[in-house]
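Here's a quick briefing to read with the model open beside you.

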Amino acid sequence: MRVLHVLDHSLPLQSGYTFRTRAILKAQLARGYQVAGVTGPRQGMGDGVEAVDGLTFHRAPARRGGGAFGEAAGLIAFARGVARAVDAFRPDVIHAHSPALGALAAWPVARRRRLPLVYEIRAFWEDAAVGNGTGRPGSPRYRATRALEAWAIARADAVAVICDGLRDDLIARGVPAAKLLVSPNGVDLQLFGTPPPRDTGLADALGLADAEVIGFIGSFYPYEGLDDLIAALPALVAARPRAALLLVGGGPQEAELRALAAASPAAAHIRFVGRVPHAEVERYYGLVDLLAYPRKRMRLTELVTPLKPLEAMAQGRLVAASDVGGHRELIRDGDTGTLFPPDDPPALACALAALLADRSEWEARRARARAWVRRERNWSSNIARYEPVYQRLVAAARTEFPWSPFLARS
């Protein structure tokens, strides 16, 4: 099976998006597939082919110009890049990943080449824009993005989503359940399968040698609720004087969070590390007693499951997260982790203090969480979910009429 993945961006850029992509492609290679990727204008590169971490990526040219004209020109260039990649790689299946522009660029190529098109939705990007603080619910841009998504879904042969929340939302919109596949976020256990040792030198350098460390490792977006975590810290320190907060990563909210931390009565207990190379992340996981994910309650967080709690559980770290839909798909409260009320710093402080005060169940809880990730969220087995869909679509593409029941209706 030869699969061409159409991507917004990829390695060597680092994001949750690129790490999921890497895991899928690596797992498919290990399964005996031949895979390649093609990236869009946001990769910021010219035409060409690049090998990164043993993976091959075809590059569409970078976008030039702004506004609607720039968007249209970028989409046309992306479609041409997909066509060149198809001609060079000759896939059996085109697998486009959100945002919808990837599916829009891939669709005409798939039709002309009589190739099946799978469209994978990792989040509804209109909701992601609201969560990032760059969009507003119901705005013209919000509605346009939603309409483009609906157009892409209608024309894809199959639609993959990363969680039940997205699947249920699409079914409520009228998308046939038979067209949908859940391919959940997973963990590459070769990278995250072994609990890391404590790096005492790093702990000393950060002033955390004797601390009870609450950690967050990820991107600093408004929807992550890190302002609530900083707001909860004075009450937590009052209850647990050795508590410290370790923030690893960066993002659009970083300057605001640093200002909040500097003004906090618990400022001396907060450490910002900044972004670190992915290969070094384990060192910081090894310092943390408890990973906290205080996502705010909104449409994005209710529907979409995050990746980072899975990595933390695979690393044998204790996890506490806000009680939103995306977290409830991953964490069983009191069993594999702790759920606390969202948007409530006092409740967050109480939950963290209670966990730090009673360690009697820590090892058993960590073991249950790691076992669940290995059983249910291991990429080496997760990608098997694609296989029957690929095979069914490839078989349909080799028949004369109709080669796709969904395209036949579009």
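Arg297 is partly exposed at 47% relative accessibility (buried is under 20% relative accessible area, exposed over 50%, partly exposed in between, with a 1.4 Å probe and protein chains only). Its salt-bridge partner is Glu302, with the closest N and O atoms 3.0 Å apart (a salt bridge is a side-chain nitrogen of Lys or Arg within 4 Å of a carboxyl oxygen of Asp or Glu). Glu302 is partly exposed too, at 25%.

This is a predicted model, where local features need pLDDT of at least 70 and side-chain atom pairs count only at pLDDT 80 or more, while totals for chains, interfaces and linings use all residues. Residues are numbered from 1 along each chain as its sequence is written, and side-chain values use heavy atoms, leaving out hydrogens and water.

**Other salt bridges**
- The structure holds 32 salt bridges.
- Glu212 and Arg242 join up at 3.7 Å, N to O. Glu212 sits in strand S9 (residues 212–219) and Arg242 in the loop between helix H9 (226–239) and strand S10 (243–250), so the pair ties together parts 30 residues apart in sequence. Helices (H or I, at least four residues) and strands (E, at least two) are DSSP runs, numbered from the N terminus.
- Glu212 is buried at 4%, whereas Arg242 is partly exposed at 48%.
- Lys308 bridges to Glu311, closest N and O atoms 3.3 Å apart; they are 3 residues apart in helix H13 (residues 308–314), so about one helical turn separates them. Glu311 is buried at 3%.
- Arg22, Lys26, Asp53 and Asp188 are linked in a salt-bridge network.

**A buried Glu without a partner**
- Glu149, in helix H5 (residues 140–155), is buried but has no salt bridge; Arg173, the nearest side chain of opposite charge, is 6.4 Å away (Lys and Arg count as positive, Asp and Glu as negative; His and the chain ends are not counted).

**Strands**
- S2 (residues 34–39) has 5 of its 6 residues buried, so the rest of the structure largely encloses it.
- S1 (residues 2–7) pairs with S2 in the parallel sense over 6 bridges (pairing takes at least two DSSP bridges). Val6 has Val38 as its bridge partner in S2.
- S2 also pairs in the parallel sense with S4 (residues 55–59), over 3 bridges, and there Gly37 stands opposite Phe57.

**Cysteines**
- There are 0 disulfides (a pair of cysteine sulfur atoms within 2.5 Å).
- Cys163 is buried at 1%, whereas Cys350 is exposed at 54%.
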